[in-house]
Amino acid sequence: MNYPDYRPRRLRQNDNFRRMIRETTLSVDNLIYPLFAVPGTKVKKPIVSMPGIFQLSVDHIVKETQRVKALGIPAVLLFGIPERKDEIASGAMAADGIVQRAIRGIKEKAPDILVITDVCLCEYTSHGHCGMIERGEVANDATLEVLAETAVSHAKAGADMVAPSAMMDGQIGALREGLDEAGFDTVPIMAYSAKYASCFYGPFRDAAESAPAFGDRKGYQMDPANSDEAIREISLDVAEGADIIMVKPALAYLDVIRRAKEEFDLPLAAYNVSGEFAMIKAAAQMGWLDGERAMLESLIAIRRAGADMIITYFAPEAAQSLAAT
Ligand code: PBG
């Protein structure tokens, strides 16, 4: 069909037409909200590069979880900043570690929301890398055991799902085996499968106090230039038992999200990361962008690319604005 027989504007004339032919939806059901747990009580410390996001002590984490639960958000994703960091990330798998305490706090006071935990070591190591250091390098296989033990400690504390983000080869298999052996065969794994070495994690590293003390993460996170490799990474995770696969970051990697959606039939998550949040917030504060519209347009773009769920710092704001329309 060609113009003038076909006039696409006919179905754009008013909002009812537009609603009727809309191809993609964004719902509160799609949103996962990240939270940063810190030691202490009554701590609510703003993260300067992420307006509206705070480091929260467990009492505040519980309150914040109750608030987002009331907005209809189905899940939170927990990160922790421990009292002390050391070479071997002891704080990551401690039974009374910060994330483990936060899980128990939430489960006690707000049981009806999913608690997903990020399983990584960079917040817990004194060197800020995501694994064990051997001869100045991040050692893959020595890290697997530590990651598995961390995941099991989260499950023991009551986590509903674990999300390994260290980008070690074999980490999904190691976690699955560790969880199954410990009797947690019902706990799913959300795999950060295609996680890129991205500058868009900058604000997060302020929030999680996890910037590497030497070098960078390019030896384990993916090169932004690659997408065939993302497919290989995801295939490995699927074979090792991932229940949900993830592409991270989201906005600069919409093509990768689309490929992942087409090539795999597992639920697909995308992580709308800290830098993506910060850019919109900064432009909105300057009066250069309409912050709410930029947020909703970005989130619908991530859904249109193929993500079933979106991890985003915008989750509560997006839930509010969806409820208002
Ligand atoms: C842990 C981890 C990071 C993020 C999620 N998990 C940081 C990193 O890899 O350096 C980034 C999240 C964000 O930027 O919002 N490894």
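How do the residues of the lining of the second largest pocket divide into nonpolar, polar and charged? They divide into six nonpolar, six polar and seven charged; the legends below place that pocket beside the other views.

The model is predicted: local features need pLDDT of at least 70 and side-chain atom pairs count only at pLDDT 80 or more, while totals for chains, interfaces and linings use all residues. Residues are numbered from 1 along each chain as its sequence is written, and side-chain values use heavy atoms, with hydrogens and water left out.

**View 1. Shell of residues around the ligand.** The ligand is surrounded by 18 residues, and Lys195, Arg205, Lys248, Ser274 and Tyr313 are the closest. A residue is near a molecule if one of its heavy atoms lies within 4 Å of it. By class, this shell has 10 nonpolar, three polar and five charged residues. In this scheme Ala, Val, Leu, Ile, Met, Phe, Trp, Tyr, Cys and Pro count as nonpolar, Asp, Glu, Lys and Arg as charged, and the others, Gly among them, as polar.

**View 2. Polar side chains at the ligand.** The side chain of Ser274 has a polar atom 2.7 Å from an oxygen atom of the ligand. Gln221 has a side-chain N or O atom 2.8 Å from a ligand oxygen atom. For Lys248, a polar side-chain atom lies 3.3 Å from a nitrogen atom of the ligand. Taken alone the ligand exposes 400 Å², and the protein buries 100% of that; the areas come from the Shrake-Rupley method with a 1.4 Å probe. A polar contact is a pair of N or O atoms within 3.5 Å; within protein, one must be able to donate a hydrogen and the other to accept it, and residues adjacent in sequence count only if both atoms are side-chain atoms.

**View 3. The largest cavity.** The ligand takes up the space of the largest cavity. A molecule sits in a cavity or pocket if more than half of its atoms lie within 2 Å of its grid points. The volume of the largest cavity is about 120 Å³. Its lining comprises 18 residues, and Cys122, Lys195, Tyr201, Phe204 and Lys248 lie nearest its centre. Nine of the lining residues are nonpolar, three polar and six charged. On a 1 Å grid over the protein atoms alone, a cavity is a set of points where a 1.4 Å probe fits but cannot get out, and a pocket is an open set with protein on both sides within 12 Å along at least five of seven lines; lining residues have an atom within 4 Å of a point. Grid points are joined across faces, edges and corners, and a volume is the space filled by probe spheres set on the points.

**View 4. The second largest cavity.** Strand S9 (190–195) and helix H8 (228–240) each supply at least two residues of the lining, and H8 gives the largest share, four residues. Helices (H or I, at least four residues) and strands (E, at least two) are DSSP runs, numbered from the N terminus. The lining divides into four nonpolar, three polar and four charged residues.

**View 5. The largest pocket.** This pocket has a volume of about 480 Å³. Its lining includes Asp15, Arg19, Thr25, Leu296, Ile300, Ser321 and Thr325. H1, helix H11 (291–305) and helix H12 (315–324) each give two or more residues to the lining. H11 gives the most, with three residues. Four lining residues are nonpolar, four polar and four charged.

**View 6. The second largest pocket.** About 270 Å³ of space lies in this pocket. It is lined by 19 residues, of which Val138, Lys218, Gly219, Tyr220 and Gln221 are the closest to its centre. Strand S7 (137–139) and H8 each supply at least two residues of the lining.

View 7. The peptide bond that joins Tyr3 and Pro4 is cis, with omega about 10°; Pro4 is in the segment before helix H1 (15–21). Pro249 is in the loop between strand S10 (244–248) and helix H9 (254–263).
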